[in-house]
Amino acid sequence: MSTSIKTFVFFDLETTGLPQDNPKVTEICLVAVHRCSVENPPRDPATGVPQLPRILDKLCLFMDPGKTVTPKAAEITGLNNINLAKSEKQTFDARTVALIQEFLQRQAQPVCLVAHNGNGYDFPLLKAELVHQGQDLVGQVYCLDTMKALRDLDDYDCPPGGSYTLSALYRRFFKEDPKDSHFAEGDVLAMLVIFLYKASELLEWASTKCGTWAAVKPMYNVQLQQTG
DNA sequence: TGCCAGGCCCTCTTTAGGGCCTT
């Protein structure tokens, strides 16, 4: 399979917990970048860190998960049942799905969702939330897991015992900690900068090794949300 | 009652086991 992706949509979820908890989403952030902004990105001459594209679309939403946020998740994300309820956030409902659909459809097609450990976490969880609403993404949507891709590309310079967490990769490439770790937008922007740093290799990798959204299975079995 | 994520990667591997990675 060879793909000609026009838009990369970097995204991250903050949630109530890990997969064994059948988690629900508390925050989603999507940042869409056209292919032309990924090819040959400019770098800060002093630090070598790639500069964020001037043109990018951003969608960040918080939501009431409708279940208890685990203490660990609340600790690392700063999101809990009290502050989300106090802010009167909506659940992940049909309007949330519509916003995400519109956001994706206004991008140049086809789009590729990009997430760190996306195959193991973000993709199946987003799929579960969509299935819960009786919906799914429309059109041809591709998926790229930056952890899998960077591991594939790392054969030649992986440090022994090197970690592939988002923050460890950021420290390895840029010698500093990423900002706003475990804020969805912070993690998305850290992933975007890492992607830009390895842009030529990742674009080549993406041309033949992307997955498809259609092949993503929900993280867990969900019952259809009753409407009306 | 008892279950409790799972695909990927590495190695002391392939008739397997254990750690990683995501909140």
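Glu39 is partly exposed in this predicted model, with a relative accessible area of 36%. Its partner in a salt bridge is Arg35, and the closest N and O atoms of the two residues lie 3.1 Å apart. Arg35 likewise counts as partly exposed, at 23% relative accessibility. Because the band for partly exposed residues runs between the buried limit of 20% and the exposed limit of 50%, the 36% of Glu39 falls inside that band, and so does the 23% of Arg35.

Another member of the set is formed by the side chains of Asp57 and Arg106, with an N to O distance of 2.5 Å. Asp57 is found in strand β3, which covers residues 57–62, while Arg106 sits in the loop that runs between α4 (94–105) and β4 (111–115); the pair therefore ties together parts that are 49 residues apart in sequence.

Turning to the cysteines, how many disulfides does the model contain? The count comes to 0. A disulfide is a covalent bond that links the sulfur atoms of two cysteines, and in this count a pair of cysteine sulfur atoms has to lie within 2.5 Å. For readers with an eye on individual cysteines, Cys29 is buried, with a relative accessible area of 0%. Cys60, in contrast, is partly exposed, at 29% relative accessibility.

Finally, a look at Thr212 takes the reader to strand β6, which spans residues 211–212. Thr212 has a relative accessible area of 23%, so this residue is classed as partly exposed. Between Thr212 and Gln51 there are 161 residues of separation along the chain, and the C-alpha atoms of these two residues are 29 Å apart.

Key: Residues are numbered from 1 along each chain as its sequence is written. Chains are lettered from A and ligands numbered from 1 in the order in which they are written. This is a predicted model: local features need pLDDT of at least 70, side-chain atom pairs count only at pLDDT 80 or more; totals for chains, interfaces and linings use all residues. Side-chain values use heavy atoms; hydrogens and water are left out. Helices (H or I, at least four residues) and strands (E, at least two) are DSSP runs, numbered from the N terminus. Buried means under 20% relative accessible area, exposed over 50%, partly exposed in between (1.4 Å probe, protein chains only). A salt bridge is a side-chain nitrogen of Lys or Arg within 4 Å of a carboxyl oxygen of Asp or Glu.
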